[in-house]
Amino acid sequence: MKIAVLASGRGSNFKKIAEAVEAGKIRAEIALLITDRETAGAINIAREFGINICYLPFKKFSNRETYDEKIVSILKREGVSLVCLAGYMRIVTPTFVKAFENRIMNIHPSLLPAFPGLGVHKKVLEYGAKFSGATVHFIDTGVDTGPIIIQAVVPVKPEDTPDTLANRILEWEHRIYPQAVKWFVEGRITINERKVTVKGASYDSPPVVPALEDF
């Protein structure tokens, strides 16, 4: 199976997926990285792992639709089956979603549906929430509204700042994202309307549900 990663930033989740592929935990190939930013740290990670890089600046396109049409054509040309968004800072269009329905994953640093969008950790602290976490979900046409695959719960401490909370949640992001990818590659994920089920997984093991098996 071929995977593509779309990233705009440092690419730490991209690196964890690449490490899992290299170690043989995920039996797939990362065919390419697509990035909209020439200075994205994810580019150096792709070079480290020998992954093809496609730099696609948005300014060369007239609108989001034509930009995503180009991405879809590249992904189809490469025979990609799963798309992983890893710090990708663009909202994908319905064109993209339709072309890869239930085959685009994203990771978000909160317990969705709570606190979607940007500035998550500041919002969590201002609201006084006692728990936050991370969510891997499939992309739909909304913002952070797609079917949920796996979540990790992280307590919010009284002394937390947005940075300390972000760092603690990131540790779980690095575990649940490659796990979700592995389940997909193994064909264990089924989707019934909004409900995502992982065949053979344990659903009785917080703070991560379904339970981590490999990471």
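Predicted model: local features only at pLDDT ≥ 70, side-chain atom pairs only at ≥ 80, totals over all residues.
1. Let's start with a pair of strands. Strand S4 (residues 82-85) runs parallel to S5, and the two pair over three bridges.

2. Now look at how S5 sits. Five of its five residues are buried. In a regular strand, side chains alternate between the two faces of the sheet. Here, Ile-104, Asn-106 and His-108 lie on one side of S5, with Met-105 and Ile-107 on the other, and both faces are covered.

3. Met-105 turns up again in the largest nonpolar core, which has 51 residues. Along with Phe-14, Ile-26, Val-136, Ile-149, Val-181 and Ile-189, Met-105 touches the most other members. Helix H6 (residues 162-185) gives this core its largest share, nine residues. Apart from that core lies another one of 23 residues, including Ile-104, Leu-32, Val-97 and Ile-139.

4. Which residues does Ile-149 touch? Leaving out residues up to four places away in sequence, its contacts include Met-105, Val-136, Phe-138, Trp-183 and Ile-189.

5. Then there's the largest pocket, with a volume of about 880 Å³. Of its 33 lining residues, Gly-87, Met-89, Ile-107, Pro-109 and Leu-118 are the closest to the centre. By class, the lining has 14 nonpolar, 13 polar and six charged residues.

6. Where does that lining come from? Helix H1 (12-22), strand S5 (104-108), helix H5 (120-127) and H6 each supply at least two residues. H6 has the largest share here, with four.

Conventions
Residues numbered from 1 in each chain as written. Heavy atoms only, no water. Core = buried A, V, L, I, M, F, W, Y, C linked by side-chain atoms within 4.5 Å. Buried < 20%, exposed > 50% of the residue type's maximum accessible area, 1.4 Å probe, protein only. Contact = heavy atoms within 4.5 Å. 1 Å grid on protein atoms, 1.4 Å probe; cavity = no way out; pocket = protein on both sides within 12 Å on 5 of 7 lines; lining within 4 Å. Points joined across faces, edges and corners; volume = space filled by probe spheres on them. Nonpolar A, V, L, I, M, F, W, Y, C, P; charged D, E, K, R; others polar. Pairing = 2+ DSSP bridges.
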